[in-house]
Amino acid sequence: MKQRARRARRARKGPSPVAQVLDVFLSARLSKRTIQAYRADLDQFTSFYGISREEAVQRLASPEANHLAQRWLDSLVGVESYATRRRRASTLRSLRRLCGTFGLCEGQLHVEVLKKAAKDMRGPSVDVVRKILTACGEGAEGLRNRALIILMATLGLRRSEAASLRVDDYDREDKRLRVYGKRGKMRVMDVPGAAAEVLEEWIDFDKPEEAIFHAIGRSTPLTGSGVSDLFNRLSERVGEKVRPGGMRHFALTKALEAGFSWKTVMGFAGHEKAESLTYYDDRPEPGPDAATRVAESVADKLTKGIEDG
């Protein structure tokens, strides 16, 4: 009897706002093609999170709607075309607006549809770099390759920067190296002990006259393409795909992980824009209470100064 009474009360009240949103959203008043697209997109969204359509409406009307929608859309990068993902985003925006019309939420859905997958700019691990160095082998070529790779990995050099190095760019006494980057912009870099040792071992062995890194048995300087070919051969030996740019990514990622400021790493990398470093910064987010902790720290210092005064 009690269950019948509850059902009767629900029937008198009519459908819930969530049910009304779904009914209008998938209404027959829309074109058949639009309804099919809406259903497909909504079912994809619910399947991703393992929820019902009603729960999907509730979540898209909640404060976490942007995060949930963005996470789903990002998961489709590389799986579906850009046009299809844009349509799916449009479906979610339409559903969010409808939720607002029924008084379930305020504000629009803000999501970004990426044209392509974001690059993984972290570079190879330390173990992979060690494998590459071991795969260099012995003899003149092995010595040259080790010097080249260690220099690229420790100084974060672009392949063109490493290939263009000349003997007179290296100051042996001060262990400093002139590096010419994009548009010929020059920066002077300190070469750390271990890297300087390997570099000088190669210079003493080979006694190059102009280019530090050149073809074995010839004075022809290595080119950017030649450096790429070298990494392709070494990658095959170790069974890990490593590109020349990976050495630069490795160095910049490690510098940021070590806590160096963006300004310091910008000078180290030869970057002109700070936003370029966002690709390499894989450090975890500070957390939602970061601003509070910063404010508390400042307040403590100010209070301490007043008390000490």
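Predicted model: local features only at pLDDT ≥ 70, side-chain atom pairs only at ≥ 80, totals over all residues.

Residues are numbered from 1 along each chain as its sequence is written, and side-chain values use heavy atoms, with hydrogens and water left out.

Let us start with the helix pair. Helix 5, residues 65-75, packs against helix 6, residues 82-101, at an angle of about 160 degrees, and their axes are 11 Å apart. Helix 5 is therefore roughly antiparallel to helix 6 (the term applies to angles over 145 degrees). Their crossing is right-handed. On the helix 5 side, the contact (heavy atoms within 4.5 Å) is made by Ala-65, Ala-69, Trp-72 and Leu-73. Helix 6 contributes Arg-85, Arg-88, Ala-89, Leu-92 and Arg-96. By class, the residues of this contact are six nonpolar, no polar and three charged.

I turn now to Leu-73, which lies in helix 5. Leu-73 counts as buried because its relative accessibility is 3% (buried means under 20% relative accessible area, with a 1.4 Å probe and protein chains only). Leaving aside residues up to four places away in sequence, Leu-73 touches Arg-85, Arg-88, Ala-89 and Val-111. Between Leu-73 and Arg-88, the separation is 15 residues in sequence and 7.9 Å in space, C-alpha to C-alpha.

Where does Thr-253 lie? Thr-253 lies in helix 12, residues 244-257. Thr-253 likewise counts as buried, at 3% relative accessibility. Its side chain reaches the backbone oxygen of His-249 at 2.7 Å.

Methods. Axes fitted to C-alpha atoms, helices over the stretch in contact; angles between N-to-C directions. Helix = DSSP H or I, 4+ residues; strand = E, 2+ residues; numbered from the N terminus. Parallel < 35°, antiparallel > 145°, perpendicular 65-115°, else oblique. Left-handed = near helix turned anticlockwise from the far one by under 90°. Nonpolar A, V, L, I, M, F, W, Y, C, P; charged D, E, K, R; others polar. Buried < 20%, exposed > 50% of the residue type's maximum accessible area, 1.4 Å probe, protein only. Polar contact = N/O pair within 3.5 Å; in protein donor to acceptor, adjacent residues only side chain to side chain.
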